[in-house]
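Colleague: I would like to learn how to read charge pairs and the nonpolar core. Could you take me through them on an example?

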Amino acid sequence: MVCVNRSFSNEPHAMVLFLEQPLNFEGKEKDRLDIEIFNFDKTLAPSGKTVIKVNFDSNYDYWKELSASPENYEFTSSN
């Protein structure tokens, strides 16, 4: 979850974003992000800001192994 400096007041509470460039991890390609927008709960963020949650299927063991070496978290872009 992240808090962003925008209200998203005219957006639905859930949406799917299809990616122009897929994300690659776990040996799989992810071509979309499932998004939940928590602008309906005023207790989660100050006025004018919103909490956003991104969901995707993943494997716990992959992330546990990755966390053993923090340098593995470095993001690299193919651009």
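Modeller: Start with the salt bridges. This is a predicted model.

Colleague: How many salt bridges does the count come to?

Modeller: The general idea comes first. Side chains of opposite charge can pair when their charged atoms come close. Here the count comes to three salt bridges.

Colleague: Which side chain meets E11 in a salt bridge?

Modeller: That of R6, at 3.6 Å from N to O. E11 is partly exposed, at 31% relative accessible area. R6 is partly exposed too, at 44%.

Colleague: Take E26 and K30. Are they buried or exposed?

Modeller: Both E26 and K30 are buried. They form a salt bridge, with the closest N and O atoms 4.0 Å apart.

Colleague: With which residue does E36 form a salt bridge?

Modeller: With K53; their closest N and O atoms are 3.8 Å apart. E36 sits in strand β3 and K53 in strand β4 (residues 50–55), so this pair ties together parts 17 residues apart in sequence. E36 is partly exposed, at 28% relative accessibility. K53, at 26%, also counts as partly exposed.

Colleague: Now the core. Which residues make up the largest nonpolar core?

Modeller: Such a core is a set of buried nonpolar residues joined through side-chain atoms within 4.5 Å. The largest here has five residues: F8, L33, I35, I37 and I52. Strand β3 (residues 28–37) gives the most to this core, three residues.

Colleague: What is I52 in contact with, leaving aside neighbours within four places in sequence?

Modeller: I52 is in contact with M1, V2, V4, F8, I35 and E36. Of these, F8 and I35 belong to the core with I52.

Note on methods:
Residues numbered from 1 in each chain as written. Predicted model: local features only at pLDDT ≥ 70, side-chain atom pairs only at ≥ 80, totals over all residues. Heavy atoms only, no water. Buried < 20%, exposed > 50% of the residue type's maximum accessible area, 1.4 Å probe, protein only. Helix = DSSP H or I, 4+ residues; strand = E, 2+ residues; numbered from the N terminus. Contact = heavy atoms within 4.5 Å.
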